[in-house]
Amino acid sequence: MFHCTYSTVFKQAPSGRKLVRLRFHKRPFVSRLAGVRLTLAVAVLSTVVFGAPLGAQEAALSEKALCESSAVQREKAVPACTHLIEGAADAQTAAGYLNNRAIAFAQIGMTDDAIADLNAAIAKNPVFVDAIKNRGLLLVRKNELDRAIADFNAALKLAPTRLDIVNLRGAALQSKQEFNLSVADFNKILLKEPKNYAALVNRSLSFYYMRKLDEAIKDLNAAIVLQPDATKAYQNRALALSDKGRYADAISDATYILSKTPNDVEALSVRADAWRLSGNLAKAKDDADAAVAIAPDDARTRNVRALVLRDGGDLEGALADLDAAILQDPRFDVALANRGDVQQKLGASERARADLDKAIAINPGNPVALAYRGNLYRERGEYELALADYNRTLKVVPDFAEGIVGRGLVHEARHEIDLARADYLKATKLPSALDGDRTRLSQSVARQRLEVLAKLEEIKRNEEAAQLTIKKSPEPVAARPDPGRRVALVIGNGAYRDVPALPNPKSDANLVAETLKSIGFQLVTVRTDQDRASMLAALRDFAAEADKADWAIIYYAGHGIQLNGVNYTIPTDAMLKNDRDVPDETISLDRLLTTVDGAKKLKLVILDACRDNPFASRMARTVATRSVSRGLARLEDVQGGVLVAYAARDGQVASDGNQRNSPFVQSLVRRIQEPNTEINMVFRRVRDDVLKTTSGRQEPWVYGSLSGSEYYFK
């Protein structure tokens, strides 16, 4: 019997890396972002070889030779087999020729014609094991996995000792994500043939998909011992090692492959992704660039480089590579999921949603795409849809930290605190090296949320204790001295020219201004949608007023950013293409502090500027050590009797909410109108209000200190 190998590579992970596999594996488990392929051992289409008939003429013999070589002759084999089918002496012989013509059809891409021939062959010879097996292989190619498995079962009923068919059934079960059943099949093979290379590699793949990375690595170690020069086993092991957080070992395996085949784009992509996950973006970029230079039309190399560019802050460059990847392979669900993530970071929410919908339609079991879409729904407040996506994520990958924490955040937003706490605790107990930095980042969020929930519990207990305290009569309030002249500058920047507008700052600024006027501030200056020149002019004018005042307050609402621990407010004309532009196009917090410095008593700056803005995520970094991160930076040493109030504490992102005014401003204007409430208590109550309103996601914070005097807004 003549065997022709029939294998190809198959895309695997949301990381752009490849796990090389059979073409018939249509919907792999997606564990990472790179989309690099895992390798599965080859599948085989079997031809039938007929004995040379006595007295046959040379032409007839040539036709039979062509038909028997249908796997390699292809086009020539089709007419030869057709002629032989027509003249077959009996049904069994005709079935053999039909089987061989089916293989020729399959090799030239005519899968339906091939299956039709195999149907006819099996009808003529119902116990034709190889025809049944071949039909199963082609059904897998069409992603008709249940029918394929039924064929493999039928073939094994006729030939129970055929380990090659057991291997194919195991691979088909793996494609259905029935990993336990696939492992059982590979175990059967290895029980009889402990050194079966294909079964070891295939079982390692099932273990990888089941997140049993140690078992996967053990099988790959054994496979490499059997075939030390089989570089694809090294590639698979590199991917498993990388997922374990063993980046140096993963890089070593990829480097070994490149020592054998320097232009192996798969190995370059694997190593680039390991460099990226280990934090060495410069080396990651070198390998990714080399892979793209070798294979510029390969969607996966583009996808890997996009991740490197994304992590380096070059979102536009990442988007260009992902556009190219999807143009080359419109059904590359990994690249679609990654482009959705980049679009969301660029503020293009609807385009992000469209990409994620497409990725999930192509591969409903892609946990990264599901988690990304869950995040998008959650940020929109569409909690039912978000919860459904997170649950689908965790059905595929039960220990996927991003899905667990995302679900916890939904539970918390719905005030299902016990469920939220359970998810956060579950996430913190996962191995932190799993899935590279994704698990560590999710665990950091989980720990922050657990800390906030503990604070909320403390607030609740304190309130309950206060309600039990019954005051028989209010204590008389001592007369307070006149606070003197009080002035305020109120700025609300929302209409940004180069990024999407913010809905609340203008209305927030107007409400704060009206409230300050109502409680007796002698001068309240309101400025909205200020470019840098106008904002600086307003600060200069207000500094002169502050010098003549007892109280001077600046309230700023809009985008803010921190660079290397220095905080900046962002005027509406800022573009911030790279980090060098920050000092030139923004206004530092220090400039606001010097503006109020001349006031005689109270100096207060309120920054409602911790919104998650698109400037930071898209900004190119000119120096690798420069830190640009979400939220504002912590203030370590505020001098001169100044208070600085953040709407959200350092590192957090403030919410605009779903109403005309943000949760912070709604609480602030209510609390400053309460009589006989000292300023420090005002901000403590604002903190408690916002923590409650946002279910602990946002915690206002005050830096600095005042003199021993007491200050009251009203």
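Here is a walk through the structure above, from the overall make-up of the chain down to single residues.

Keep in mind from the start that this is a predicted model. The protein chain has 714 residues, and 57% of them count as buried. Its secondary structure comes to 31 helices and twelve strands. If you look at contacts between residues at least 6 apart in sequence, 64% of those join residues at least 24 apart. As for the surface, the chain exposes about 29700 Å², with carbon and sulfur atoms supplying 51% of that area.

Helix 5 covers residues 111-124, which makes 14 residues. Which of its residues are tucked away? Thr111, Ala114, Ile115, Asp117, Leu118, Ala121 and Ile122 are the buried ones. Look down the axis of helix 5 and these buried residues fall within an arc of 160°, so they line one face of the helix. Over on the other side, Asp112 and Ala123 are exposed. And what covers the buried residues? Helix 4 (91-107) is part of the cover, and so is helix 6 (129-141).

Next, the cysteines. A disulfide is a covalent bond between the sulfur atoms of two cysteines. The count for this structure comes to one disulfide. That bond joins cysteine 67 to cysteine 81, with an S to S distance of 2.1 Å. The pair links distant parts of the chain: cysteine 67 sits in helix 1 (residues 58-68) and cysteine 81 in helix 3 (residues 77-86), 14 residues apart. The torsion about the S-S bond is about 110°, so this disulfide is right-handed. Is the bond's first partner buried or exposed? Cysteine 67 has a relative accessible area of 0%, so cysteine 67 is buried. Cysteine 81 also comes out at 0% relative accessibility and counts as buried.

On to charges. Side chains of opposite charge can pair when their charged atoms come close. A search of the whole structure turns up 52 salt bridges. One of them brings together the side chains of arginine 135 and aspartate 151, at 2.8 Å from N to O. Arginine 135 belongs to helix 6 and aspartate 151 to helix 7 (residues 145-158), so this pair ties together parts that are 16 residues apart in sequence. Where do these two stand in terms of burial? Arginine 135 has a relative accessible area of 18%, and since the cut-off for buried is under 20%, arginine 135 is buried. Aspartate 151, at 7% relative accessibility, counts as buried as well. Remember that helix 6 also turned up in the cover over the buried residues of helix 5.

Another salt bridge stays within a single helix. The side chains of arginine 353 and aspartate 357 meet at 2.9 Å, N to O. The two are four residues apart in helix 19 (residues 349-362), which means that about one helical turn separates them. Arginine 353 is partly exposed at 25% relative accessibility, and aspartate 357 is partly exposed too, with a relative accessible area of 27%.

Then there is a bridge between arginine 687 and aspartate 688, where the closest N and O atoms are 2.9 Å apart. Here aspartate 688 is partly exposed, with a relative accessible area of 23%. Salt bridges can also share partners, and in this way Asp273, Arg276, Arg310, Asp311, Asp341 and Lys345 are joined into one network.

Finally, a bit of backbone geometry. Most residues other than glycine have a negative phi, and most peptide bonds are trans. Histidine 415 is not a glycine, yet its phi is positive, about 65°. Where does histidine 415 lie? You'll find histidine 415 in the loop between helix 22 (401-413) and helix 23 (417-428). With 57% relative accessibility, histidine 415 counts as exposed.

Asparagine 676 also has a positive phi, near 60°, in a residue other than glycine. This asparagine 676 sits in the loop between helix 30 (663-671) and helix 31 (679-693). With a relative accessible area of 42%, asparagine 676 is partly exposed.

Conventions. Residues are numbered from 1 along each chain as its sequence is written. This is a predicted model: local features need pLDDT of at least 70, side-chain atom pairs count only at pLDDT 80 or more; totals for chains, interfaces and linings use all residues. Side-chain values use heavy atoms; hydrogens and water are left out. The expected span of a helix is 1.5 Å times one less than its number of residues. Buried means under 20% relative accessible area, exposed over 50%, partly exposed in between (1.4 Å probe, protein chains only). The arc is that of the directions from the helix axis to the C-beta atoms. Contact means heavy atoms within 4.5 Å. Accessible areas come from the Shrake-Rupley method with a 1.4 Å probe; for residues, only the protein chains shown count as cover. A disulfide is a pair of cysteine sulfur atoms within 2.5 Å. A salt bridge is a side-chain nitrogen of Lys or Arg within 4 Å of a carboxyl oxygen of Asp or Glu.
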